[in-house]
Amino acid sequence: MLEDFGAALAASRWPYYLIAYVFVGAIMVRANSVGSWIMGVIGWPIELAQKLAGHGPLPYLFLLPNLLVFGLFTFAPFFINIGFSATEGQSILFEDRAWAGTDNFARLLSDVQPDTGAQNREDDKFTRSVIDTAVFVVFQVPIMVLFALITALVLNRDIVGRGFWRSIFFYPVMLSPVVVGFLWTLVLKRQGVLSLTLMQWGWIDEPIQWLVDPRWTMFWSVFVFTWAHLGFYMLILLAGLQAIPRDLYEAAEMDGTSNWRALTHITIPLLMPTLLVVFVLSLIKAFQAFEELFAMQVSWISVVAYIFETSGLRGTPTTHGLGIAATAALLIAVFLALLSLLQIARSGRGAR
Amino acid sequence: MFNHKMAAFAVLATLATTASADEIEFLCYQDGNECDVIAAMAADFTAATGHTVKTTTVGYEVVRDQLENQLQTGSAPDLARVTNLGGLNQYYHDLTPYVDTAAWEGSYSATLPWMRAPGGEDKGVYGWLTSLTVTGPYVNVTMFEDAGVDLPGDGATWDDWMAALGEVKGALGLDAAMAMDRTAHRWAGPAFSYGAKFFNDAGEPLLVDDGFKSFAETFVGWHKDGLMPADGWPAGSGTQYRNAAPLFLGGQVAMHMSGSWMINNYASNISDFAWSAVPIPCGPGGCGAMPGGAAIVGFESTEHPEAVAAFIDFLAQEENAAKFASETSSIPSHQGLQAKGVDYANASPAVSEALKVFAANAGQSASTTPQAFTFQGYAKNFVIYGVVPDYITQAITGEMSLDDALAAIDADVAAKIAE
């Protein structure tokens, strides 16, 4: 082992730096216990910085790593996206992309295609994906919030095997969206479990393409998406329920209040801030619905699927596809940002 | 004569390498064993020239989705096996200064233009088409026998075939009779047969004409009549590609409109019924099939232009092309070999029979529907492959009238290829 250490010393310089670092720390530190002595030896640069600059800038130092990661993976793509929406061409390099101004907005939204002067098809596709997504959201969000609430209320009671039931309902959240998609494809495809079972019972004569049939595809999209995400919102609501003081219920019970009245006059009002968070979070999540639906190959196109396909980053790149997709993404981002602001404003008012 | 040429090549190559021995990076994808065969041939190349080839085998999606971005950002390999032949033209490394262009023109004149820039000015030599693929139908022979229906013979039209398939469907109680991969690449052949031209006299894409319309009507009708399955084209959304092979493998349909690249897959995966490739059905416009293929091309960004050229030239030599065709059971793009025929020593009778049928399909298509070769050589054909299924599907499901769908195809293609 000593030989290894010697070899490491000979091979590079960092062991010397490490020794010097610890040495400086050992000289500088004043401590009255072993634990704080060790921390002092390790953390002397921070203490030194505090002595020199005071406590003011310190929080920013701790924010820095997160800010770097956040900047790299959230802000940078956001600005790149804005860049793509204002330029045109097939390349992903800005030096090869010509300035387009608002052309991509026209390509996405106007009735007349600016390049060909003929009728535009892109606006129809985009509008349709927005409408389909809106239908999905309008059904999916209330249904999920309602069922998450019911589940949370039931699992908040003192029932047998409560922990088991909670984990059962939370389980789908831990599955990868792609796994969820494939799992339900096995049930819902033409030769899937559902069609075969219903046929065996004599309820239907021919197998139904649950995911492809236009009458069923939206229903099953809502169903599977709710199934996959219910547990997460149930957990938030459960936490909200447990934060309601017990003595309120005890006082109500003494006054002979019925259970229904306790629910509508105590539980729901006190749960409102949590419900609002759940509502807005699930709204944003529903607008972004993609992975499960893509894996199930449903026969409608969500806005995210539209952006994904149009961008040409997968499959066929088209001359203006990347710019059009970036423009669509920008519009959706602005809309979702408004939703988030609404939530912040509402919950802020509640807190005051 | 082969040995003579080979020896001369080796000497030349050895002379060239005394200067330097480079390592070149080759990005490859395979439907069967193509990359393995090339990697084995690369060993001979190294022995002859000293240059080494580092082959990386990836899925087709990696080449399709990532290669162009790599090329744009300057992080691409030295050479790759690609299918978007015309679309990547701007990145190609021109081999003209390094190879015997007259010999290349002599052997590959039919396929070299596919890799060139549009307009006919470009005379560059950019790559070697590893094999020629051709679209065409496979049939489940067992089903035809069980139903007591005879296979339509040579020169039969699509109408004859669909009538026969309808009988098979009725006799065996199938859900559908014929499946087609969801892309206009498979759709184009039959459309040519119905008289679709796809291009105007100036060589610009003009998709919707009488022939195109006539086939679109027929095609929608095939879905209405239940001859084509609901889990084929109608099950896809947007420009999405769907492979119909599972329907054929699963015995749900009696015909799969696919192409010669499926031969080896079917030969190794079908054991419970007899299958065969059949001559491409005809129509008033001829007997249309789409030719195509994957090519090994070098990129301009390479730091070893000479080694890249030497490797591609090595593979394109007649004896190497013959070896590749024989070991991968594929149709060679080398015109001399096409005329002479390849000895498929390792192939089963079913495979070599199918290869013969597809080679004949290519010939039929070349003589009766030359627009197939124009379409294959068109740099933006990939855009059209996706747009056509997008709207035809909406006509099938009734979301749009057929006339609207056809108008939409014209408008959308024009917008997507506009510069």
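Me: In chain A, is the crossing of α8(A) and α11(A) left-handed or right-handed?
Reply: This is a predicted model, where local features need pLDDT of at least 70 and side-chain atom pairs pLDDT 80 or more, while totals for chains, interfaces and linings use all residues. Residues are numbered from 1 along each chain as its sequence is written, chains are lettered from A and ligands numbered from 1 in the order written, and side-chain values use heavy atoms, without hydrogens and water. A crossing is left-handed if the near helix is turned anticlockwise from the far one by less than a right angle, and right-handed if clockwise. For α8(A) and α11(A), the crossing is left-handed.

Me: How are α8(A) and α11(A) oriented to each other?
Reply: Helix α8 (residues 162-174) and helix α11 (residues 217-242) of chain A pack at about 130°, with axes 5 Å apart. Angles run from 0 to 180 degrees between N-to-C directions, and axes are lines fitted to C-alpha atoms, for helices over the stretch in contact. Under 35 degrees counts as roughly parallel, over 145 as roughly antiparallel, 65 to 115 as roughly perpendicular and the rest as oblique. The two helices, α8(A) and α11(A), are therefore oblique.

Me: How many nonpolar residues are in the contact of α8(A) with α11(A)?
Reply: Contact means heavy atoms within 4.5 Å, and here A:F169 and A:F170 are among the α8(A) residues that meet α11(A) residues including A:W227 and A:L235. Ala, Val, Leu, Ile, Met, Phe, Trp, Tyr, Cys and Pro count as nonpolar, Asp, Glu, Lys and Arg as charged, and the others, Gly among them, as polar. Besides three polar residues and one charged residue, the nonpolar ones number 11.

Me: How are α3(A) and α4(A) oriented to each other?
Reply: Helices are DSSP runs (H or I, at least four residues), numbered from the N terminus. Helix α3 (residues 34-42) and helix α4 (residues 44-53) of chain A pack at about 75°. A:G40, A:V41 and A:I42 meet A:W44, A:P45 and A:E47. So α3(A) and α4(A) are roughly perpendicular.

Me: How many salt bridges join chain B and chain A?
Reply: The contact takes 35 residues from chain B and 29 from chain A; the buried area (accessible area lost on being put together, 1.4 Å probe, summed over both) is about 2,600 Å². A salt bridge is a Lys or Arg side-chain nitrogen within 4 Å of an Asp or Glu carboxyl oxygen, and A:K125 forms one with B:D390 at 3.4 Å. The count of salt bridges is four.

Technical notes:
Buried area is the accessible area (1.4 Å probe) that two parts lose on being put together, summed over both.
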